[in-house]
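Subject: Structure for your attention

Dear colleague,

Please find below a structure that I am handing over to you.

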Amino acid sequence: MTTTRLRAASPWTVLAICCCSLLLVSIDVTIVNIALPAIRRDLHSSLSGQQWVIDAYSLVLAAMLMFSGSLGDRLGRRRVFLVGLVAFTAASLACGLAPSLGWLVAFRIVQAVGGSMLNPVAMSIIVNTFREPAERARAIGVWAAVVGLSMALGPLVGGALVDGAGWRWIFWVNVPVGLATIALTWRWVPESRAVRPRRFDPLGQLLVAITLGCLTYAIIDAPHAGWTASSTLTLLVVAAIALAALLAFEPRRRDPLLELRFFRSVPFSTATVCAVAAFVAIGTFLFVNTLYLQDELGLSPLAAGVRTLPMAVLAGVCAPLSGRLVAAAGARLPLVVSGLATAAGAALLVPIDAGTSTPHLLLAYALIGIGFGLVNAPITNAATSGMPREQAGVAAAIASTSRQIGMALGVAVSGSMIAGTTGGLPSALPAVWWLVVGCGVAIVALGVLGTTARAQASAAAVLAAPEPEEQRESVGTGDPARGVGDAAGLHGRALDQGEAARTRRPSGGHRPRQGARPDAAGERIAQPR
C-alpha cells in the first residue's frame with residue numbers, strides 16, 4: 001500500500017508531532033512512580049506488585065527498542081509510528097480501567113510495546129526530515145528540551161492528578177494527547193523507510209526477552225521465595241542459558257540484533273555499562289524516594305511531586321548543557337561530574353529518616369538531578385565514537401536498551417533489598433542509598449577508563465576492521481532505534497550518520513516501490529498525490 005499525505009508539511013510541524021509522542025512516553029517515567037502508593041492502596045498490591053508496575057514496562061521497552069527501530073526501517077516509519085500511537089493510547093485507557101494489579105501489569109506490557117515504536121521511530125523520522133546539519137542540530141535540541149520538560153512536569157502533573165482525581169487519571173490523561181497525535185501524524189507526517197533495511201532476528205529477540213525477564217523475576221521474587229529456593233535458582237539458570245545462547249548465536253547472524261563486535265571497543269563497552277549504572281541509580285531513586293516521601297513522611301502525592309522538582313528541573317537544564325560539554329571537551333568531563341554529583345547526592349540521603357530537614361533533601365535531589373542530566377549525552381557519544389558510520393545508530397540503540405535494563409534492575413534490586421530487610425523501608429534506606437553511591441563511583445571510573453588513549457585506539461581498531469561480507473551486504477541505510485535518553489547526545493553522531501547516508505546509494509539491482517522515490521539519503525519517501 002502506498003502511503004500518501006494531502007500536502008507537504010513543514011519539517012517543524014513534523015518535529016512538533018514527534019515531540020508529542022516523546023512527551024507521552026517520557027512523562028510516564030516520573031508520573032507513574034508518584035502514583036505507586038495510591039495504586040497499592042486501591043488494588044491491594046504488595047511491594048513486589050509495585051515493582052512490576054514499573055518493571056513490566058521497562059523490560060518490554062528494553063527488549064523491543066531495537067526491533068521496533070528496524071521494523072520502522074522495513075515497513076515504513078510513519079506506519080509503525082501510527083501503530084505505536086494506537087497501541088500506547090489504547091493501553092493507557094485500559095490501564096486506567098484495570099480492575100486488579102494483574103490486569104494493570106498486563107496493560108502496561110501492551111503500553112510498552114506501543115512505546116517502543118514511538119521514540120526510536122520518531123527520532124528516525126526527525127533525522128530523515130531535517131536534511132541540513134544545522135537544522136537537524138536545532139531539531140534535536142528541541143527534542144532534548146522536551147525530555148527536560150517532561151521530567152519537570154511529571155511529578156507535578158502526576159501528584160495533582162492523583163490528589164485531585166485519582167491514580168487512574170495518570171493513564172487517562174494520555175488518551176486525548178494520543179488521539180490528537182494520531183490525527184496529526186495521519187495528516188502531516190511523510191512516510192519513509194530504508195531501501196535495504198536490516199533483517200529481523202526473532203531468535204535473538206526471544207533470547208533477550210527470556211534473559212531479562214527471568215533475571216528480573218528472580219530478583220523481585222527472591223526475598224519471598226528465598227535466594228536458594230528451587231524457583232529462584234531455576235530462573236537464574238534459565239537466564240544464564242539464554243544469555244549464553246544469545247552470545248553463541250548472534251555472531252552467526254547475517255543481521256544480528258546485538259552487534260557483539262562492537263564490544264571490542266572500550267569506549268562502547270564502558271558506555272554500555274555506564275548506561276546500566278546510571279539508570280540503576282535513577283530507577284532506584286525514583287522508586288525508593290516515592291515510597292520514602294509518601295509512606296515514611298506521609299506526604300500527599302502532590303507534595304511529594306513538589307519535593308522532587310529540583311531533581312527534575314536540574315536534569316532538564318543539564319541535559320542540553322551536557323551535549324555542549326561533550327562537543328567542547330569530550331565525554332570524560334561530563335561523565336566524571338555526573339558520577340560525582342550522583343554519588344554526593346546519594347551520600348546525603350544515606351542518613352535520612354522521618355525527621356530529616358527539607359533543605360537537606362532538596363540539596364540531595366538537586367545533586368542527583370545534575371548527575372542524571374549530565375550523563376546521557378556522553379554515554380551516547382562514547383558509545384558511538386569510532387563506530388562505523390552506518391552502524392552508529394545501532395550502537396546508540398544498544399546504549400539506549402542498556403538504559404532501560406538499568407531502570408528495570410534498579411527497581412528490582414532496591415525493592416528486593418527493602419523486602420528482604422527486617423524493619424522494611426526505614427531499615428533498608430541506608431543500604432539502598434549506598435547502592436546509588438556505588439553507581440556514581442562506577443560512572444566516574446568508567447568515564448575515565450573509556451576515554452583514555454588506549455580506549456580510543458580500541459575504537460579505531462573496530463572502525464578499521466573489515467565488516468563481515470554477509471553483514472556488509474545487508475546493512476540498512478535507515479536510522480535504527482534510539483531511546484528517550486539519547487535525545488540530548490545525538491546531535492554530533494546523528495549528523496555524521498545523516499551525512500554518511502547521503503553518500504550511499506542503493507544497489508543497482510534494487511528498485512524502489514511504485515509511488516515512492518528514493519531521496520538523497522537512499523530512503524524511500526512516499527510521493528504526495
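Helix α2 has a kink of about 45 degrees, centred on M64; the bend at a residue is the angle between axes fitted to the seven residues ending there and the seven starting there. Helices are DSSP runs of H or I with at least four residues, numbered from the N terminus.

Please note that this is a predicted model, in which local features need pLDDT of at least 70 and side-chain atom pairs count only at pLDDT 80 or more, while totals for chains, interfaces and linings use all residues. Residues are numbered from 1 along each chain as its sequence is written, and side-chain values use heavy atoms, with hydrogens and water left out.

Just after α2, G76 takes a positive phi of about 115 degrees.

α2 is also one of the helices that each supply at least two residues to the lining of the largest pocket. A pocket is an open set of points on a 1 Å grid over the protein atoms alone, where a 1.4 Å probe fits, with protein on both sides within 12 Å along at least five of seven lines; lining residues have an atom within 4 Å of a point. This pocket is lined by 20 residues, and L212, L243, L246, L258 and I405 lie nearest its centre. Helix α16 gives the most to the lining, with five residues.

Yours sincerely
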